[in-house]
Amino acid sequence: MNICIIGGGLTSLSLAKNLINKKINVHFYHKNKIENLLSSRTIGISKNNLDFFRKEIHKFPKKIFWEIKKIEIYSEKLEKENLLNFENNKDNLFYMLKNDDLYESLISSVSKNKFFKKNLIDKDYFYSNLLNKNKYDLIINCDSNNTLSNKFFTKKIVKNYENFAYTTILKHKKIENNIATQIFTKNGPIAFLPISNSETSIVCSLDTKNKKYDDSEVLDLISKNNLKYEIQKIQKLSSFKLSSSNLRKYYYKNILAFGDLLHRIHPLAGQGFNMTIRDIKVLSEIIQNKIDLGIQLDSSILKEFEKKVKNKNFLFSNSIDLIYEVFNFDKKIKSKSFNKILKIIGKNKNLSRYFIKLADRGLNF
């Protein structure tokens, strides 16, 4: 069994590692430069997804992830008064990792495996030969901007948020640091995400429709909304444009779109990579069932995968978009009523448990 994976990031490496664990030959194709992972980028992985990842993909060392025990939500309208709290007394809510730490751990693991073969893409030669030859049982495309994507996967539902995300890492005085904080401001949400007792990742999603921000203004907003850290150093800011998209058709013949090519969402709930891990879990189970039955891997896998996840992914993506729109509307009005209602809702333990499960497992609970 031979599978071709195209892409150079965390999604393609995670999927490759899962497949070579099944003793499937994986030919991993990437561009001349492996995707540059900025040192200021971090990801949050839910408890359920972390358990799956370390069992079925890669048991990366515990030292590279950081436990988050509680989430606190604040509103600038209520003068940073606590709005909502999410806490699971029995376990951690999620875990924070630096992108480049996870990347290095994955690339080190797959490179040593005999079922893994890494190749560079010759743009003029590679794609035409890939389509003309039947070398691979399946082709999985994790690159949203290549010939395959532009030819077969262009029909999407796309939304431009007219927002930019700004990310950095604070180095600060050592404290007990296991509580993630999100503050909804008139400029947009600002998240403080601990990655150690002396470092905290920052993600600001700022509305740039009517105002452009320079680095000093973003840093001022971070300082203004910093509730507890004695900052010693701030890494250089990184930024990227925010949009959402959902692909209408997940596959073409034996080619499957995957990762951000399938779905891209607003980062305010930290669910982007979690959705991808859930997709890997479903695809992995389908492939394993075929292997157990001694059935050849073919495009029927892709049809089954789309049937199982497409509607759920679309619904989940839209639920994240709804959260964004609700808070986006609230910041445009002067009334504090919505925030006061949220405080009342937050006291309902059943609703709180529901939202914790939704963030942990998606729509699969």
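Contact here means heavy atoms within 4.5 Å. Keep that cut-off in mind for the first part of this tour of a predicted model.

**Helix 10**

Select residues 349-361, which make up helix 10. The helix has 13 residues, and at 1.5 Å a residue it should span 18 Å; the C-alpha atoms at its ends are 18 Å apart, so the two values agree.

Next, colour Ser352, Ile356, Leu358 and Asp360, the buried residues of helix 10. What covers these buried residues? Show strand 3 (42-46) and strand 6 (81-87), which are among the covering elements.

Now go to the two ends. At the N-terminal end, select Asn348, which caps helix 10: one of its side-chain oxygens lies 3.0 Å from the backbone nitrogen of Asn350. Just beyond the other end, select Gly362, which follows helix 10 and takes a positive phi of about 70°.

**Salt bridges**

The model has 17 salt bridges, counted with a cut-off of 4 Å between a side-chain nitrogen of Lys or Arg and a carboxyl oxygen of Asp or Glu. A few of them follow.

Select Lys159 and Asp321, a salt bridge whose closest N and O atoms are 2.9 Å apart. Lys159 is in strand 10 (residues 156-172) and Asp321 is in helix 8, so this pair ties together parts that are 162 residues apart in sequence.

Glu306 has a relative accessible area of 12%, which is buried; Lys249, at 40%, counts as partly exposed.

Move to Lys70 and Glu72, a salt bridge with its closest N and O atoms 3.4 Å apart. Buried means under 20% relative accessible area. Lys70 therefore counts as buried at 18%, and Glu72 counts as buried at 14%.

For the last stop, select Lys47, Asp51 and Asp91 together; these residues are linked in a network of salt bridges.

Technical notes:
Residues are numbered from 1 along each chain as its sequence is written. This is a predicted model: local features need pLDDT of at least 70, side-chain atom pairs count only at pLDDT 80 or more; totals for chains, interfaces and linings use all residues. Side-chain values use heavy atoms; hydrogens and water are left out. Helices (H or I, at least four residues) and strands (E, at least two) are DSSP runs, numbered from the N terminus. The expected span of a helix is 1.5 Å times one less than its number of residues. Buried means under 20% relative accessible area, exposed over 50%, partly exposed in between (1.4 Å probe, protein chains only). A polar contact is a pair of N or O atoms within 3.5 Å; within protein, one must be able to donate a hydrogen and the other to accept it, and residues adjacent in sequence count only if both atoms are side-chain atoms.
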